[in-house]
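Hi everyone, thanks for coming. Let me put the structure up, and then we can walk through a few of its contacts together.

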Amino acid sequence: MSDTTVDRPKGAAGTAGLGDDYDTKYGFHDDESAYDFKSKKGVDHEVVEMISRYKKEPDWMREVRHNALDVFLSKPMPTWGSTELLNSIDFENIHYYVRASERQAQDWDDVPESVKNTFEKLGIPEAERKFLAGVTAQYESEVVYHSLREDLEKLGVIFTDMDTGLREYEDVVREHFTSVIPAEDNKFAALNTAVWSGGSFVYVPKGVEVAIPLQAYFRINTENMGQFERTLIIADEGSKVHYIEGCTAPTYSSDSLHSAVVELIARPGSTIRYTTIQNWSKNVYNLVTKRAIAEAGSRVEWIDGNLGSKLTMKYPAVYLVGEGAHAEILSVAFSSSDQHQDAGSKVIHAAPRTTSVITSKSISKDGGRGTYRGLVKVHEGAEGSKVNVKCDALLLDDRSRSDTYPTMEVDDEAVSIEHEATVSKVGEEQLYYLMSRGLDQDAATTLIVNGFIEPFTKELPMEYAVELNRLIQLEMEGAIG
Amino acid sequence: MSDETNTPVLEVSDLHVSVGGKEILKGLNLTVGAGETHAIMGRNGSGKSTLSAAIMGNPRYEITSGTIVYGGQDIAELAVHERARAGVFLSFQYPVALPGVSVVNFLRQAVRAVRGDDVPIKAFRPLVKENLKILDIPQTFMTRYVNDGFSGGEKKRLEMLQMLMLQPTLAILDETDSGLDIDALKVVSTAINGLRSEKRAQLVITHYQRILQYVTPDHVHVLLDGQIVKSGGPDLAHELEKHGYEWLEKDAA
């Protein structure tokens, strides 16, 4: 993938203008005066009731929300991760539900002008035309636009926002909602369950392969906003789907909260790949729960790239519950000044001959902090299972920090476990070698960093790989020396 | 660079260089004119690699006194990449691996950096192809990661490929011949000879005279304990092969 710049055309979707800095490219914000609705600050049963009634939800969902709020209010903050940053979140200073537009558009022309401008700046409709099977665009709390290619619709593929999913496929949603991640799982999953809005609902029927990716794009615009999208993806037997999400927000002086819940269900023999390029501005707390249930012979892949946010705590998980299921978790975390990326993975081997490959790459610079936190559990009876964990950290200077907390709990003896962790610095010899070929120090460092994360970028669709390489180049400019 | 044709490509005067506080070069003098190929011979530890590192500008090597003038300009203040862009090339004795960085990407970036503008893919590809052929390197080489898991011979061929792509004014070959079998040595020599021209200069640093059977130097210098103790024509290399370095040590003592 590192030869992108050689062979691949420039100006592909979503990459234009990446030479600008974050503030001009993503950091702008729109006027909110024409907004349809914005809830008061803070969260209580009144706000939850209001959201549910506003959305005209069935009673059972309203109850799910209220119960989840009780769980949220009673659960203490996690006592691990970045407790200092977690405890600085002011839950009373957040708008939990913000709606910019009254209705959702299926035709790009019907999207309100200001919102449309935002997504056009971010290259969304262009990307759809070029390389996506379907798109949803979420602005604040609601999905403002969605589309799916007609041929896929005819095959029975469902790709819509979660609210529409609840209205049109209530039975399916009721059966699976919180089945993978219950509200009780953790404080932020509880909060999401209480105030969720938007997100994607995807169903791929038996044997259907969606060859090109579905994409969701998440955008926070309001200051002190909380975005709580909820995504549920069900891949039926033998089906295949690739879902990509991207996210950005304006740069504000006070913080916003993004707390999503993503539930994946991979039926026997199916494949789900879920790719994230997280590029929130550096005032966003990104506290996300992602988990998949993988049934027999299925394959779940989390491809997780974290570049933005103030604090990210995210550990994509796969529960391997069927024989021969496979988990692949490939993540990159890039931490710069005032950033803490506490990311990792979790794999539960609960069936025989299940396999997992975890690859984590973290890069820290300018005092940024990267933490790998992982759990692999192999239950008794999961004989013949194989685990491969590899964590590599690259430090670009002495002020930055990298920690690794890998936990292995193995209750069956007939398994194979491989684990490898490395921490390295950008080598003087590598820099000297590249500079002797005419590259200046920034270009040399960027090349080394891009090489370091190459196992990740080569898994991305071309446009994303190009974008990621350029984002890193942007981060590296003037970084050293 | 000066326009005057008689300006030497490289002029090293009374050069003293230290590494980690230890003086390695102790007053070295060397002038390399345009169109010339010079061989620097010496034993391990005599300062051969230190000389190449000092010319390239490796920050670990400290010039305590003396000057390195390249194309009429003192390059003491130039950073490594600026020297490269000015036309200095060093073929490394031990090139480092760059995991995840493909050869093709690396070459493209290097060519772009040294030439100062992008080379269209249309022009780049045939150029690479031609040079791969000269060096007897398979096309599959291009998608491998730079020096990552390369054999010694492959590393040296990649150094030569870079040299041919960058077309340097001054090429310093730091023990490029070491560890090569005879076929590889011939290939490498072809590359070096192919680059000889009246505007370019070459500094072939070697322990053995073997490579000098294929690359005939205009001048041969013997480096001993941080100084050039003897200079001569190609015959000097043969003499060293016959008698070793000892007779020079006695002379110097």
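To start with a question: is Phe106(B) buried or exposed? At 0% relative accessibility, Phe106(B) counts as buried, where buried means under 20% relative accessible area, exposed over 50% and partly exposed in between, with a 1.4 Å probe and protein chains only.

Some housekeeping: this is a predicted model, where local features need pLDDT of at least 70, side-chain atom pairs count only at pLDDT 80 or more, and totals for chains, interfaces and linings use all residues. Residues are numbered from 1 along each chain as its sequence is written, chains are lettered from A and ligands numbered from 1 in the order in which they are written, and side-chain values use heavy atoms, leaving out hydrogens and water.

Now the rings. Over all chains there are 14 aromatic pairs; rings of Phe, Tyr and Trp (its six-membered ring) pair if their centres lie within 6.5 Å, with planes under 30 degrees apart stacked, over 60 edge-to-face and the rest tilted. One of them is Phe91(A) with Phe188(A), tilted, at 6.2 Å centre to centre and 35° between the planes. Both of these residues, Phe91(A) and Phe188(A), are buried. Next, Tyr433(A) and Phe106(B) are stacked, 5.8 Å centre to centre with 20° between the planes. Tyr433(A) sits in helix α12 of chain A and Phe106(B) in helix α3 of chain B, so this pair joins two chains. Helices here are DSSP runs (H or I, at least four residues), numbered from the N terminus. Tyr433(A) is buried too, at a relative accessible area of 1%.

Finally, Phe159(A), Tyr243(A), Tyr274(A) and Trp302(A) form one aromatic cluster.
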